[in-house]
Amino acid sequence: MTTGERFEKAVSIMARLRAPGGCPRDREQSFDTIKRYTLEETYEVLEAIDNRDWPELTSELGDLLLQVLFYAEMAQEEEHFSIDDVLDALSQKLISRHPHVFGDVKAEDANQVLKNWEALKTEEKKKKQHESGGTHSETLLGGVYSKMPALMEAQKISSKAAHVGFDWREIEGLFDKLAEETQELQANIKELPTPALKAGKNSQIPEDLHSRIEDEVGDLFFVLVNIARYLSVDPESALRKTNRKFRRRFGWLEEQLQKRGKKPEEASLEEMETLWQQAKSVEESPS
């Protein structure tokens, strides 16, 4: 079978599942009910990529493609659009946004490609507004979806600002900013009542002070996202890897405590810290 025949087979299977006499569960789904699955499948794709699990990635990409086929089939049933329209829109977008490949525009490096891409997206939006009779001019950051994960949103809006020149000239400036924001957070922390300095005592923090601390913590995150962007590191992926690392090490720590007949809450901080350092050594030692 050709790639096209395989794709058409998947489309026809999806249509059969939604047709009368098809799968009762698939037939009762709507755009709203499968939204959460789209997000779940996306994260499972990312998990497989991080693990370099190619067989799993093959399966998860299929699950992600299923979401596209599902949306397209439901849209066709309601006579909004079809999978053909989706494919046409994709092909047109790829060609129009790569004039350095399919046209006469020059792009010497990836950075120039990104600048051209943003300029083309802006022109496309202006054209759509004109065709729809709209007069509102969208701002640079107006096209960034505000409901995405906060780390991703921060990366996108800072990247867009950087593409028009609103960026630090050198990475050292970002570390100066990080130190500045850290000092501001520490200054606010000094205003905390003594009992609130223990983790989980938020109820004892005055509302105004808590709001200021929240702002400063947010500023710290934003600077860290910019550092990641400057170094071409995906902050979401970086944090996800750190989360997994913590899971592995703390899991090893729990196993060692279990061998001693203890639970984590029954161990002292010093005992857990010693085991934590051992977990790091075990993980970092050559196999």
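Visitor: Is the crossing of α1 and α4 left-handed or right-handed?

Guide: The crossing of α1 and α4 is right-handed, where a crossing counts as left-handed if the near helix is turned anticlockwise from the far one by less than a right angle, and as right-handed if clockwise. This is a predicted model, in which local features need pLDDT of at least 70 and side-chain atom pairs count only at pLDDT 80 or more, while totals for chains, interfaces and linings use all residues. Residues are numbered from 1 along each chain as its sequence is written, and side-chain values use heavy atoms, with hydrogens and water left out. Helices here are DSSP runs of H or I with at least four residues (strands are E runs of at least two), numbered from the N terminus.

Visitor: At roughly what angle do the axes of α1 and α4 cross?

Guide: The axes of α1 (residues 3-18) and α4 cross at roughly 60 degrees and come within 10 Å, the axes being lines fitted to C-alpha atoms, for helices over the stretch in contact, with angles running from 0 to 180 degrees between N-to-C directions. α1 and α4 are therefore oblique to each other, since angles under 35 degrees count as roughly parallel, over 145 as roughly antiparallel, 65 to 115 as roughly perpendicular and the rest as oblique.

Visitor: And which residues of α1 and α4 meet there?

Guide: From α1 there are F7, A10, V11, M14, A15 and R18, and these meet L65, L66, L69, F70, E73, M74 and E77 of α4; contact means heavy atoms within 4.5 Å.

Visitor: E41 is in α3, so which residues of α3 are buried?

Guide: In α3 the buried residues are I34, E41, V45 and A48. They cover an arc of only 65 degrees around the axis, which puts them on the same side of α3, the arc being that of the directions from the helix axis to the C-beta atoms. What covers these buried residues includes α4 (54-77).

Visitor: How far apart are the end C-alpha atoms of α3?

Guide: They are 29 Å apart, which agrees with the 28 Å that the 20 residues of α3 (residues 31-50) should span at 1.5 Å a residue, the expected span being 1.5 Å times one less than the number of residues.

Visitor: How do α3 and α11 cross?

Guide: The axes of α3 and α11 (residues 235-259) come within 12 Å and cross at roughly 70 degrees, so α3 and α11 are roughly perpendicular to each other, and their crossing is right-handed. The contact is made by Y43, L46, E47 and D50 of α3 with E236, S237, R240, K241 and R244 of α11.

Visitor: What about R240, buried or exposed?

Guide: R240 of helix α11 is buried, with a relative accessible area of 15%. Leaving aside its neighbours within four places in sequence, R240 is in contact with L46 and D50.

Visitor: Changing topic, how do α9 and α10 lie?

Guide: The axes of α9 (residues 171-189) and α10 (residues 207-230) come within 9 Å and cross at roughly 165 degrees, which makes α9 roughly antiparallel to α10. The crossing is left-handed, and the contact includes L174, L178 and L185 of α9 and I213, L220 and I227 of α10.

Visitor: Which residues of α9 are buried?

Guide: I171, L174, L178, E181, L185 and N188 are buried in α9. Seen down the axis of α9, they fall within an arc of 90 degrees, so they line one face of the helix. What covers them includes α10, while the face turned away from the buried side carries the exposed residues D176 and Q183.

Visitor: Last one: what is phi at E79 and S232?

Guide: Most residues other than glycine have a negative phi. E79 has a positive phi of about 60 degrees although it is not a glycine, and S232 likewise has a positive phi, near 60 degrees. E79 is in the loop between α4 and α5 (83-96) and counts as exposed at 73% relative accessibility, whereas S232 is in the loop between α10 and α11 and is exposed, with a relative accessible area of 71%. Just after α3, R52 takes a positive phi of about 50 degrees.

Technical notes: Buried < 20%, exposed > 50% of the residue type's maximum accessible area, 1.4 Å probe, protein only.
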